[in-house]
Amino acid sequence: MKRFLTAALLLLAIALGGYYAVFYGGAYLPMGGDAALSVPFRAEGKQLQRWDGQAYVPLTLRGVDVSASLPGHYATSYAAEKEDYLRWFQAMGEMGANAVRVTSIMDDDFYDALYDYNSSHDTPLYLLQSIGVTDQAGNGTEDAYSEDFLGALLADGKTVVDVIHGRRNRSADGLQGDGIYRRDISPWVVGFQVGTEWYPDTIVYTDHSPIRSGAYQGNYFQTTADATPFEAAMAQVMDTLTAYETHKYNTQRPVGFLCDPSCDFLEYAEVYARQLQKYAQVDPELVTPLPAMKAGCFAAYRLFDFCDSFTSVLSEAQKEDLTSLLEDLPTEAPYGGYLTLLSRYHTMPVLATGYGFSSSRGAVVQDRPPLNEQEQGEHLAKVSQALEDSGWAGGFISTWQDHWERRSWNTAFATVPTKNDMWHDLLSDGQGYGLMAFTPGAAPSCVLDGTPDEWAPEDRLLERDGLRLSARYDAEALYLLLEGVREDTPVYLPLDISPEMGSSTSDEPKLHFPRDVDFLLCLNGRDDSRLLVQERCDPMRERFLYEVEGKDPFLSFPKKESGTFVPLRMAVRNPLLVDVLTPETRALQRLGTWEAGKLTHGNGDSAAAEYNSLADFCFGGDCVEIRLPWLLLNIGDPSNGMVHRDYYAQYGVSFQPVRELWIGAAQAGAEEVPMVSLRLAGWKKLDHQERLKQSYDIMQRCWKGEAKDGTSVR
């Protein structure tokens, strides 16, 4: 009996060890014999092609990036479930998309959902699977050959091959998905992309290393004589990934690595390169497939506004090298002819692995105001059409859904970084790139249409001198309803947000308040209404005054009791390039500003034909409904009531909790503006709804050629 138990335990240990080795460690016996190599997709010339069972046919990808991001959760928590993905895939297919891209290994719910969707639909969604490195590795102190960089890419390359073939188990690591992967989705995986974002500093540091070489010779990929050490690292990852899938599954598919305008092959004149910070160069043409690589490779470019006039600032040597390719570029097209140039330059298929435009309320570039959802869709459609007209193999809109947890460079300083997922910052550009929006709550807090049907008696805060003020809030904004107003009669609404800042008087307009007020909302018709901020409470002054005006904000700052209220502005990037770098021309390149407090009148009802997603207020018969995004009010975490403290006492932005806001209302000429408190309870969890943006409808017409009701629009 003892021998039997010992043998049984030994067999169990062997079985468990084998299971762990195969499904966690990726152990396998190499494919042998004369089994025919499977190549379901390949790069042929400048085309991507798929095998339809009888022949290879061209494949143009019209794709969307998707992640697990949901309100109340960071994308890396993988809160989205299989049902969510299935619902999203259905909407993508109805839009006319034929592909999706993910930037990391997802949880098993994603791959299970993709398998179920593709198994039940005649037109599948192909997958471009990406792998990347952490921000710490990508922007760290080591080069691209470190264990956290190259080692991670090599390991994740093998893991992702097993994942798509349904032969992997993964434990959660805090960054990538986990689960038991048993669905073989490889018939729909069009290829692998190495990299999701590169930091130019890491590329340059690697390429200038005296111990690194640009030479790499593998079984499936090699570098040319002109290759750099970073390109050799990419070749090694592509070669290792291909070898693993070939030997283990007897399958190959195209592979490419990421480029973007900040690290492409172009060389700029020194004076412009310094201004653009363009000092890294990567060229996919210097990594070439060997005869054993039957599936080929592609060039992958992440697209964003970099320098629309790039052709005029190239170095003279670069212009000479590219003379024939630069002729008759469509400089009026999106990205100034960049798409056509890349198509002409590359000998392989070119994919846009990420292009997008935000519909957020905040601006990021001087003289480029925010886009509403209609304009977002029009820009996306123009790029999509330009990609196909330029001969690209397709592209992926980034992203499918809005990402509430994302931060933007000109707003991140003003928010509590650990709570971004708990509210929607309407001013942060990075949060509005989706084709699908999330709206907080089980029902809208306020439909901004000038019709106060949704307001309840308990929302009423103040009634005086013919004015009736009501308020409510959600995870996006503070909403106000003011009744008894006319469009041609100015009305002032003071707001006391921070206990440490504010003034009891306003010099212009001349008003007196019973409390120290941080903000003054001036309603003056449809075209001249704005939110002003008491000058000491102005966050842009504290954070960006030096970058905007060249002055130290702490050498001389406004008095606490100052009655000066100023326009509420955001810092934005100045794209100006100069021919000569001097102190005088450098001053011209300081950051610009955009008046974020200038309010937009319009209908905020997404079901209305005249819907404007950027609407801040809407007049009705004798009322006006107002939406004030939280960050406009210096509230960096509304879920916990965290507001800005006195910048000049704290030497920067810090936060304190409050449990009430004070709001008032009075018409012009009032001796004193009455104010009442609004309880700010906060929240610990979020309900939300999904809403397809106007940009979705536009892309549906662009890709599918028909409206949602089936009516042809061609």
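How many residues does helix H12 have, and how far does H12 reach from its first C-alpha to its last? Hold that for a moment. This is a predicted model.

Let's start with the whole chain. The protein chain has 714 residues. The secondary structure comes to 16 helices and 36 strands. Along the principal axes, the C-alpha atoms fill a box of roughly 95 × 75 × 60 Å.

Buried residues make up 56% of the chain. Take the contacts with a separation of 6 or more: 70% of them join residues 24 or more positions apart.

The chain exposes about 29,700 Å². Carbon and sulfur atoms supply 49% of that area. As for charge, there are 62 positive and 101 negative charges. Their mean positions lie 4 Å apart.

Back to H12. The helix runs over residues 373-389, which gives 17 residues. From first C-alpha to last, H12 reaches 24 Å, close to the 24 Å expected at 1.5 Å a residue.

Which residues of H12 are buried? They are Glu373, Gln376, Gly377, Leu380, Ala381, Val383, Ser384, Ala386 and Leu387. Keep a general point in mind here. An α-helix has 3.6 residues a turn, so residues three or four places apart point the same way.

And what covers the buried residues of H12? The cover includes two helices, H11 (338-345) and H16 (694-704). Strands S14 (350-355), S15 (394-397) and S36 (688-692) are also among the cover.

Conventions. Residues numbered from 1 in each chain as written. Predicted model: local features only at pLDDT ≥ 70, side-chain atom pairs only at ≥ 80, totals over all residues. Heavy atoms only, no water. Helix = DSSP H or I, 4+ residues; strand = E, 2+ residues; numbered from the N terminus. Buried < 20%, exposed > 50% of the residue type's maximum accessible area, 1.4 Å probe, protein only. Contact = heavy atoms within 4.5 Å. Areas by Shrake-Rupley, 256 points an atom, 1.4 Å probe, with all protein chains shown as cover. Lys, Arg positive; Asp, Glu negative; His and termini not counted. Charge placed at Lys NZ, Arg CZ, Asp CG, Glu CD. Expected span 1.5 Å × (residues − 1).
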